[in-house]
Every structure is written in structure tokens, then in C-alpha cells.
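Please read this briefing alongside the sequence and the three-dimensional picture.

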Amino acid sequence: MQPSTDRHPVPSADRLPGPSGLLYVTEQQTAALVDEVLAFDAARAAFAATVDAAVLPSLVVHGSDPRNRFSLKPSASATHAGVKIGTFWPDNPAQGLPRHHSTLLLFDQTIGRIAAVLEVGTANAYRTAAADALAVDLLARTDAATLAVFGTGHQAAYEVRAVSRVRPISTVLVVGRDKDRAGRLAAQLTAEGHGAQTSSAEEACVRADVIVTATTAQAGTPPLFEADWVRPGTHISCMGADAPGKRELPPELFARARVFCDLPEQARRMGESQHAPQGTVLTALGAVLTGRAPGRGGNDDITVFDSSGIGLQDLCLGLALLKKMDITL
């Protein structure tokens, strides 16, 4: 994987007035700093750290309006600690703002106060896609060439770009409930050189070597596809189920698949695996990355990566962004 060149000059951060000299990095600054390489390297560092570090569970709550949700993802390493606040305000587009945003707070380890605030809305999209790419790199067949993406929202294009960096993807099949949105996403991806087209759910599953789900689907609605549509050898990255009550996959698929996740305890509570049969074995992706657990066993294995997101990803990403600015906390 070749590093990409910077698209913008590296911006400088601001320090707010006061004795603490609080560092504040804006959304515009972090968006200019982040790229797929930085995010992927940060994801590798984060998942490797899950093996030995204390991985703290995430919390999902809602604002004064129950439709507005936010999650808290705390993290701690041997040298740093922080918490990411991720928000989902569905009415934001009416105000010209994205539904999703993220803010990362990093602590001063000597006094227990906030040392840095980073707005990481765009960077968070790279971060989520990087976890998907890492799972694909570790679990998908090396010759995987057809990618199916379920979902046409903000995150979907980031997933396609990230996965295409680690596998020789030549065809992208876009599946969405809204045909117009699916068509626009396929046209956008094709213009970027990804060879995309819209597809039905069944056709996408039958043809795909890798399936990525990036939706807001709930358990009260039918799964995105049928379990028997998935052919042997497919890898599936589930990126949308990150709160209790969300679900993308047919539960019957668990019986056919080997299941991997970022944090087993959290996956059972708020990931796709909250719907898995009792006794389903969950393997931490970090254990595969560090050689402590096997990944894909053969070309006919169906592998599933259940991603509910962990704070170490955000901590490693934030520190990588600061390092790119020549800042050390």
C-alpha cells in the first residue's frame, strides 16, 4: 500500500487562552490532515493494542430529543487517555450540516484535565472505514475482486475506497432502498474509478467476494439479505450495528460463519452479535492481527467482522493527527 500525498498544507492548531493552554483543532484542520494511509495505520495500532490494553466499553445515549443520539467511546493506553463523543442528529441536513459528527477529547495525564479538543467528523469516517479495511485485509480471500456495499449514506463511499486499497476490487455493487440515491452513489464511485453499478440485494450477495453493510437498519425491520444468498468464501464487514436494537444481518448466517469483532463483550451488547445465537464464538480482530488467533481457515469460509467501534481507534487516530502536525501531548 503506497502512501498518498498530502492534499493540503498541514494546518496549525490553535491554543485557547488561559493557563492550561488548551489545544483546539478544528474540523477543517483535521479533514485536511487525514487520509486513508494515516487512518489505516492508526487502526492497525489500535487493534494491536486491544490485546494488552484495557479496552473500555462504549455508551450510547440520546439527547433531549430521543431521535438525537450520541455515543461516548473512552480509551486509555500506557501513555494517553481520551474520550470521543460521536453524535447523530438526523435533522441536521435541513440546516446544511451532516447528520454525524465527532469530537475527541484528550487528557493531560499529569493533572487530569483536557489538554486537546479535536473535531474529527470527516476523520471519523476514515477511521470507521479503516477498521473495515483492516478486517478485509486480515480475513477476506486475497483474490477478492467484487465488493457489494449495502447503504447509500455518508459512510458508504469511504468504505469502498478503503476496501479497494487492500484488495483488487474491480466491481462495486451498490444496494440501497432508495434507487435514486443508489444510482447517484454508483455514478460517484464510477467517476472515481471504482466501476460501480446498482444491484438488487440477492444479486449482490450471489456475486460478491466482500460484502460491507453500512446502514442504520433496526431489528424491527427485515435483515438486509437472506442468509442462503451468501456464497462460501465471502467476507462480510458489518459496520452499521453499533447500538442496542440495531441489526443488519440475518441471524441464521451466524451458524454458517466464523465471527470476528473489535471487542467481544461490546459486540454482544451493542454490535451485530447482540442477535447471534447463544454460544456463538467471537474472536477479537486484534488477536488475529497479532497472531494470537487464526483468521480465515480456507477459501470456503464465510467470515464476519462485527464492528461496533472502540475508543482506542479514536485515541490512535487523534494522536496520529497531532503527530502529523508535529505536536506531542
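Where is the place of Asp228? Asp228 sits in the loop between β11 (210-213) and β12 (235-238), where helices (H or I, at least four residues) and strands (E, at least two) are DSSP runs numbered from the N terminus. The model is a predicted one, in which local features need pLDDT of at least 70 and side-chain atom pairs count only at pLDDT 80 or more, while totals for chains, interfaces and linings use all residues. Residues are numbered from 1 along each chain as its sequence is written, and side-chain values use heavy atoms, with hydrogens and water left out.

**Charged patches on the surface**

- Asp228 counts as exposed because its relative accessibility is 63%; the terms are buried for under 20% relative accessible area, exposed for over 50%, and partly exposed in between, with a 1.4 Å probe and protein chains only.
- Together with Glu202, Glu226 and Glu252, Asp228 forms a negative surface patch.
- Patches are made of residues with over 30% relative accessible area and no salt bridge, with like charges joined within 9 Å and nonpolar side chains (Val, Leu, Ile, Met, Phe, Trp, Tyr) joined within 5 Å.
- The accessible areas come from the Shrake-Rupley method with a 1.4 Å probe, and for residues only the protein chains shown count as cover.
- A patch of positive charge is also found on the surface, where Arg99, Arg177, Arg181 and Arg184 gather.
- Arg177, in the loop between β9 and α5, is exposed, with a relative accessible area of 85%.

**Salt bridges**

- The count comes to 13 salt bridges, each being a side-chain nitrogen of Lys or Arg within 4 Å of a carboxyl oxygen of Asp or Glu.
- Arg67 and Asp91 are joined by a salt bridge between their side chains, at 2.6 Å from N to O.
- This pair links distant parts of the chain, 24 residues apart, with Arg67 in the loop between β3 and β4 (69-76) and Asp91 in the loop between β5 (81-88) and β6 (100-108).
- Arg67 is partly exposed at a relative accessible area of 43%, and Asp91 is partly exposed at 41%.
- Asp314 forms a salt bridge with Lys84, and the closest N and O atoms are 3.2 Å apart.
- Because Asp314 lies in helix α9 and Lys84 in strand β5, this pair ties together parts that are 230 residues apart in sequence.
- Both Asp314 and Lys84 are buried.
- Asn124, in helix α3, touches Lys84, Ser102 and Asp314, not counting residues up to four places away in sequence, where contact means heavy atoms within 4.5 Å.
- Asn124 counts as buried, at 16% relative accessibility.
- Lys246 and Asp242 meet through their side chains in a salt bridge of 2.9 Å, N to O; Lys246 counts as buried at 5% relative accessibility, whereas Asp242 is partly exposed with a relative accessible area of 32%.
- A network of salt bridges links Arg141, Asp143, Asp209 and Arg231.

**An enclosed helix**

- Why is helix α4 (residues 156-166) largely enclosed by the rest of the structure? Nine of its eleven residues are buried, so α4 is largely enclosed.
- Among the buried residues of α4 are Ala156, Tyr158, Glu159 and Val163.
- The buried residues of α4 pack against α2 (36-49), α3 (121-139), β8 (146-150), β9 (171-175), α5 (179-191) and β11.

**Single residues to look up**

- His62 belongs to strand β3 (residues 59-62) and is partly exposed, with a relative accessible area of 46%.
- Leaving out residues up to four places away in sequence, His62 touches Asn68, Arg69 and Phe70.
- Thr283, in strand β14 (residues 282-284), touches Val259, Phe260, Cys261, Val288 and Ala293, not counting residues up to four places away in sequence.
- Asp326, in the segment after α9 (311-324), has a positive phi of about 60° although it is not a glycine.
- Asp326 is exposed, with a relative accessible area of 73%.

Key
Lys and Arg count as positive and Asp and Glu as negative; His and the chain ends are not counted. The place of a charge is taken as NZ of Lys, CZ of Arg, CG of Asp or CD of Glu.
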